[in-house]
Amino acid sequence: MKDVIDIDSNAVEFIKQQGSVVTVRLSPRHGCCGGLANLAVAETRLPDDVHYYLHHTQDGISIYIHPDLAAQGLRIGVEGWWKLRHLYVDGSALQLGHANT
């Protein structure tokens with residue numbers, strides 16, 4: 001079975017250190033002139049309401065992913081160093097819209 005999302009090995013290790021849970025969701029970004037775009041983000045925590053997400057286990061990690069982002073060829077990576085390390089999602093096009101779940 002193909003993975004729901006690709007996670008590089010450094011990100012897998014980072015997620016395991018943070019509790020082995022990752023949430024992949026859309027996050028609204030407002031433009032200076034009133035525009036809105038949703039970006040895919042990854043966070044090492046449970047979603048606020050798990051009922052809006054698909055749940056998968058992959059590489060020993062519990063993944064909660066928004067249905068619009070599953071199996072889209074996305075990749076989770078980690079960047080930064082020491083306490084400033086954080087996850088990023090690569091391969092996602094901006095999505096225009098108003099929905100935020």
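Analyst: Leaving aside neighbours within four places in sequence, Thr23 is in contact with Val41, Ala42, Glu43, Arg45, Leu46, Pro47, Tyr53 and Tyr64; contact means heavy atoms within 4.5 Å. This is a predicted model, in which local features need pLDDT of at least 70 and side-chain atom pairs count only at pLDDT 80 or more, while totals for chains, interfaces and linings use all residues. Residues are numbered from 1 along each chain as its sequence is written, and side-chain values use heavy atoms, with hydrogens and water left out.

Thr23 belongs to strand β2, residues 21-30; strands (E, at least two residues) and helices (H or I, at least four) are DSSP runs numbered from the N terminus. Thr23 counts as buried because its relative accessibility is 0%; buried means under 20% relative accessible area, exposed over 50%, and partly exposed in between, with a 1.4 Å probe and protein chains only. The side chain of Thr23 also reaches the backbone oxygen of Arg45, at 2.4 Å.

Strand β2 also contributes to the largest nonpolar core. That core has 22 residues, and Ile5, Ile76 and Leu87 have the most contacts inside it; a nonpolar core is a set of buried Ala, Val, Leu, Ile, Met, Phe, Trp, Tyr and Cys residues joined through side-chain atoms within 4.5 Å. At least two of its residues come from each of α1 (9-17), β2, β3 (36-43), β5 (61-65), β6 (75-79) and β7 (86-90). Helix α1 supplies the largest share, four residues. Leaving aside neighbours within four places in sequence, Ile76 is in contact with residues including Ile5, Val22, Val24, Ala42 and Leu87.

Notes
A polar contact is a pair of N or O atoms within 3.5 Å; within protein, one must be able to donate a hydrogen and the other to accept it, and residues adjacent in sequence count only if both atoms are side-chain atoms.
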